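Please have the sequence and the model open as you read.

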Amino acid sequence: MDWLKDEIFKPYPELLVFLTVAFGFLLGKIRYKTLALGSVTGCLVAGLLLGAGVDVQINGTVKSLFFIMFLFALGYKVGPQFFRGLKKDGLPQVVNALVVCVTGLLVCWGFATMLGYGPGLSAGLLGGALTQSAVIGVAQDAIGQLPGYGGAKAQSEANLVAIGYAVTYPLGTILCALLLANVIPALLHRDLAKESADLGKELDVPSADPDLGRGYYEDVLRAYTLTHQEYAGQTVARFEAAQHDAGRRVYITRIRRGDELMDGAEETVLRVGDVLAVSALREDLVAFDPETRVGPEADDTALLAYATETLHVVVSAKGQIGRTIAQVRLEPFMAGVFIDKLYRSGAEFPYVLSSTLDRGDTLVLSGPQRLVVGAAKHLGTPVPTSYATDMIWVGLGIFVGGCIGIPALHAGGVPISLSTSGGALIMGLVFGWLRGKYPTFGNVPPGAQWFMDTLGLCMFVAVVGINAGPSFTSGLEQAGLGLVVWGAVATVVPLVVGFLYGHVIQRIRMPLLLGMLAGGQTTTAAIGAINENARSQVPTLGYTVPYAVGNVLLTIWGSVIVLLTH
């Protein structure tokens, strides 16, 4: 170890960071059923262990860089859901998340005061018990601004944040998952799977199991040879109008006439012997019975193998906002075009035909390329798939957010500010909301979001762990085993209060309420356990808005708990 420390880690501390991240992700894979240690906690534990052995300090600018990047990405990811939750239909979920978060803060503050914890252990208790990793960085920044906490004292308290978090987080995650997925339904004698299935049928929510598919395809493309006289001599437009009048979506998208392949233009006159490429909803095609009214089915690969496109379109056309899916589907420009999915506020929305379109909704259209592009222009703005990150947007957002966070007010001699990290979080929320509403600029694809969000936080906590490693043993002795017990209580109490409020006062359905509680306490492992026991993705419908609210509030609580206990 001395050779590694002297020859590699001290002269090249960046290598120690990457080694810590590698071991951290390896530890994070330790799993029992749906519960896993997780990459963030794994990196923190790996950092504490390696840091204790090598005693190397990493420059603070490195961890600040990764942390501010993480917070911007976090805000960017949850921004659409956060602001969406402030609307009327999301307010019950926001209120429940507020109850959980405020209760969590009060419980942790009460325990910290009772036990005489300083700001470091208090923040570590809050971050671990409420399973919010961002508390580590925000609390450490806040400790550095406290009067009388300069130099070694500030570093000592900052290290205790990481130690307190590492001690309380694993049990907090396990208790949250067990309580919501198993204990509460069992105590109330509720069948979570049955209730989720019933609610899923009411909401028309399909299965989201990535390993399962449906043998039934709603949109079909078939070929028929025109041999009957009923439609011979009619134009394509007249044929489709007749289907429209009968309440059916049946379209002619392409025609083979001899050796010639033609697009199904509206003015084309149909002739006996033409092979028609018919695009339709399956139920409409069955009702139309083309083999009886058109002619026998044909297997014409060249006719059916035309270019199709799946295109994301942001609804922005004034004439389409507020209309139902059913109304839009009957528009002439939707001939041969089908709506596969609807995304709202950045998350897939399980729509039904009566669902109305909001500004900023994203529709996933599919069909012949020429028809999809035309339909997209009537609905709003098409958004082609891109893997390039708009770094102008990201860099400007972090810079502006950081500048907003710098100014501080003073209360009792204590500077109170968002800090650069808090400013980055707020600006991430705003930029994410703008991107969700007008997604023609500011593209940050999922891969880039993962890098900034997950890896950014893991690199940050790895550095925190390495720097806190040398004081880990003494800090653990100072905290004592009581920290584990009080951390467990601080995990459970907010969930119980939130459940009672949601169940008794708000009267929210059980599957949605359990998802809301997991979101309010930002415990990803809990929503996984709930979905597994529910054998459904329905609880996730209650997760996204509280998760967004919880991420913002619990992150801010990192500064608040420091100010309350210094």
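A crossing is called left-handed if the near helix is turned anticlockwise from the far one by less than a right angle, and right-handed if clockwise. By that rule, α6 and α7 cross right-handed. The model is predicted: local features need pLDDT of at least 70, side-chain atom pairs count only at pLDDT 80 or more, and totals for chains, interfaces and linings use all residues. Residues are numbered from 1 along each chain as its sequence is written, and side-chain values use heavy atoms, with hydrogens and water left out.

**Helix packing**

Helices (H or I, at least four residues) are DSSP runs, numbered from the N terminus. Axes are lines fitted to C-alpha atoms over the stretch in contact, and angles run from 0 to 180 degrees between N-to-C directions. Under 35 degrees counts as roughly parallel, over 145 as roughly antiparallel, 65 to 115 as roughly perpendicular and the rest as oblique.

| Helix pair | Angle | Axes |
|---|---|---|
| α6 (residues 119-129) and α7 (residues 134-144) | about 160° | 9 Å apart |
| α5 (residues 91-115) and α21 (residues 510-520) | roughly 50° | within 9 Å |

So α6 and α7 are roughly antiparallel. Contact means heavy atoms within 4.5 Å. Here α6 brings Pro119, Gly120, Ala123, Leu126 and Gly127, while α7 brings Val135, Ala139 and Ile143. By class, the contact of α6 with α7 has six nonpolar, two polar and no charged residues. Ala, Val, Leu, Ile, Met, Phe, Trp, Tyr, Cys and Pro count as nonpolar, Asp, Glu, Lys and Arg as charged, and the others, Gly among them, as polar.

The pair α5 and α21 is oblique. Its crossing is right-handed. Pro92, Gln93, Asn96, Ala97, Val100 and Cys101 of α5 meet Leu513, Met516, Leu517 and Gly520 of α21.

**Aromatic pairs**

How many aromatic pairs does a search of the whole structure find? The search finds eleven. Rings of Phe, Tyr and Trp (its six-membered ring) pair if their centres lie within 6.5 Å; planes under 30 degrees apart are stacked, over 60 edge-to-face and the rest tilted. Phe72 and Tyr76 are tilted, because their planes stand at 35°, with centres 6.1 Å apart. Both sit in helix α4 (residues 60-85), four residues apart, about one turn of the helix. Buried means under 20% relative accessible area, exposed over 50%, partly exposed in between (1.4 Å probe, protein chains only). Phe72 is buried at 1%, and Tyr76 is buried at 6%. Phe72, Tyr76, Trp393 and Phe431 form one aromatic cluster.

Definitions and conventions. Helix = DSSP H or I, 4+ residues; strand = E, 2+ residues; numbered from the N terminus.
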